[in-house]
Structures are given as C-alpha cells and as structure tokens.
Amino acid sequence: MTKRVCVIPGDDSAPEAVLPVLRLLRLMELDLDYVELPAGDEGQARFGEDFARVCREAIDACDTTLFGSSSGKTPALAHLRWGKKTYANVRPVRYIPGARSPLRDAEGIDFVIVRENMEDLYVGIEGDVEALRPAALTGRRGEPLPEHGRFAVKVITDANSRRIAHFAFRLARQRRESGRPGRVTASCKYNMLPYTDGLFRQVVAQVATEYPDVEFRDYIVDDFARRIIADAHDLDVVVLPNLYGDILSDEAAALVGGLGVAASGCYGDGFAYFEPVHGTAPDIVGTGRINPTATMLSSAMMLEYLGLGEAATSLRRAIDDVYAEGSVLTPDQGGSATADEFCAAVAKRL
Ligand code: ATP
C-alpha cells in the first residue's frame, strides 16, 4: 500500500533545504504520497491559531513526517515529539569523504548517537528556589538551598533509561550484521549526579548483561566529550541522556562536516519522524547558503523506516558521489553551490 509522508518545511532557512529535497524525492518516483504543509509564515497567515491543529491532523493522517525545523512559527514539534512519544533520537555521525572536517583523517568515522528524547532537563520544569523551601532540601554535604535563585528539574526514570538502552543495544546488533563492531558506549555525569545519572548508568549496565554479544563501555561525560574527538573511529553506538545527547551530537557533527550534514530520526513505538539536527539557521535565510545534505540524509533514514532500503542506499550513494567529486558543494563545505544546485547534482547521480 502506498505510504504517506507528511512534509513540514518549517521556518526561516529550513524550507530552503526541505523543498529542494522534496523535489528530489519526487524525482525518485517512489511509491509514496506527500502531504505538504506550508512553511511557518504562510501557515500562520493561512491558518492562524488553527495551524497547530492542521499540523497535528496531517501528521496523524500520514505514516511518517519529514520536518525541517521550527523557530516557533510552525507548531508541529510538540506533537511530533511528545504527542507521538518519539523517545529515541537517532543521530548518525558518518564521514563522507570530501566533506570538510577539522580532523586530518576523518575517513572511517561511522557511529550513531542514540539520545533519550523524553526526560532529563527537558521536562521543562523551572522555577524560583523559594518554591522548594517547604521540601527542606539540602545539598549532598548538608548545605542548605541558596536564599534566592532559580532551579530546573532533571528527571531520569528507570523505565525510560531501560527503553533507550534496549534501543541502543538492538541497534548495535543490527549494525554488527553490516560489519560494524557491535559496541555500545554510554556516558553521563554519574560521579556528580549519582542519584539521577547514576540511575541511568546502572540501568544501561544492567541491560548490557542481556546482550552479552555486544561490547559495553561507559565514561563520565566530560571525559567522553574528549573521547568523541580523540577516539571517534572506535565509536559505534553511543547512548546518552537527553541533554548530553543534544550537546554532544553537535560536537560529533563537527567531526564529519558540521550541522549541514547531520541527520536525525526520532523513533517511538509505531511512529517515527525525521529532521536534520540543525535548527532553522535564521542567520543565512534567503542567502542560498543552506546545505540540504542533513535533510537529505534524514530523508534516507525515512526511506529505510518506510521499507525502501534500496532507495535509501541509492540516495546515500549519490550524495557520497557528489562529495567525492567535489565540484558542487555548498559554502559550509568549501564550495559555492546553492541548495538547489547541490540537489540537482545528486539527482543527476541518481
Ligand atoms: P536551534 O536552537 O534550533 O538549534 P540555532 O540557531 O541555535 O537553532 P542552527 O539553526 O542549527 O542553530 O544554526 C547554527 C549555525 O549553523 C548557524 O550559523 C547556521 O547558519 C549554521 N547552519 C545550520 N544548519 C546549516 C545548514 N544546513 N547549512 C549551512 N549552515 C547551517
């Protein structure tokens, strides 16, 4: 049966990447229907307050969503992330020869960050410390709460840590089948936060015992931030709580060409959506400087999710060919091509 893809271009520069990628997908003549929503400004003008409902209904009517990125004008993320409980944010970090890396030898870097997507500091509970006073909380060494100040709540649960750990170990097994080492590395700040990050660490280590065929390592997150650069070639699957996953995946992206090439997919039970790691790049809107590779590679992940593995492989190969050839690259990769020109070069390779 023909699958349906909801395409949400998003805000600022994001549509300048999503729309050429959508044209490319259409050229591939796959058995897919695309339900295209307007970009943020147009959506606000057409639907006003109703835009959130329009997004929600389109998302629910489709098998998956390709999402640009939003600065708030396109109200889709809340439904995609929390409405659909897409708890596993998967961010591949693969070097494409020809991409601009700060490393002398980036060739062979190929790992995946699996970021827990539902909890940690992202539960969004902040306030004034005065509100905590009735709980008579004290620090680890018995020190009282400061008189004034603000707090943010970090929540780590056994259930969500277990779920993301299983996801990471299953992915490591899958990757081993295609020749990768089959290794999971976990990281968090368990020394300073033994009750919350300590729980994450303990649960992941426990889950590791159920996968004796998969090698398991874990590191304190500051040490791991260094290892991402120093030992990038040894990494395979990396599992992280939400905040560290968010920060370290931007760091990891820098190794392989930056945000312009960093793809991601967010997976829940029975639903997934796909978006580049980058935001809406408001500083380059209308300049033709956006690199659509991140959106294109996110689309390749989407095609795989939809059971179109061969099309995904062809798309990745065509992208790799354009980078290897090197004459049609966007400014972030040292070239002068626009997103449209880059997409045309990939289309030609396809
Ligand atoms: P957010 O908070 O949503 O992540 P942001 O504005 O902090 O958004 P980005 O939008 O990701 O961050 O942009 C960070 C920098 O990277 C900007 O200078 C932007 O122009 C650049 N950038 C992001 N994506 C791309 C891309 N696809 N191609 C070229 N440059 C990009």
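In which sense do strand β4 and strand β11 pair, and over how many bridges? In this predicted model, β4 (residues 88–94) and β11 (residues 263–267) run antiparallel to each other, with three bridges between them. One of the residues to look at here is V90, whose bridge partner in β11 is G265.

Zooming out, β4 and β11 sit side by side in an open sheet of 10 strands with mixed pairing. Read across, the order goes β2-β1-β3-β12-β11-β4-β5-β10-β8-β9. The edges are taken by β2 (32–36) and β9 (215–220); each has a single partner strand, so one side of each has no neighbour in the sheet. On average, neighbouring strands are turned by 20° against each other, ignoring direction. Helix α7 (residues 221–230) packs on this sheet and touches β5 (110–116), β8 (183–188), β9 and β10 (237–240). The direction of α7 makes about 115° with that of β9.

Now for the ligand. The residues around it include L259 and G260, a run from H278 through G279, T280, A281, P282 and D283 to I284, and then R289, I290 and N291. As for polar atoms, a side-chain atom of H278 lies 3.3 Å from a nitrogen atom of the ligand. Taken alone, the ligand exposes 610 Å², and the protein buries 58% of that.

Terms used
Residues are numbered from 1 along each chain as its sequence is written. This is a predicted model: local features need pLDDT of at least 70, side-chain atom pairs count only at pLDDT 80 or more; totals for chains, interfaces and linings use all residues. Side-chain values use heavy atoms; hydrogens and water are left out. A residue is near a molecule or strand if one of its heavy atoms lies within 4 Å of it. A polar contact is a pair of N or O atoms within 3.5 Å; within protein, one must be able to donate a hydrogen and the other to accept it, and residues adjacent in sequence count only if both atoms are side-chain atoms. Accessible areas come from the Shrake-Rupley method with a 1.4 Å probe; for residues, only the protein chains shown count as cover. Two strands pair if DSSP finds at least two bridges between them. Helices (H or I, at least four residues) and strands (E, at least two) are DSSP runs, numbered from the N terminus. Axes are lines fitted to C-alpha atoms, for helices over the stretch in contact, and angles run from 0 to 180 degrees between N-to-C directions. Contact means heavy atoms within 4.5 Å.
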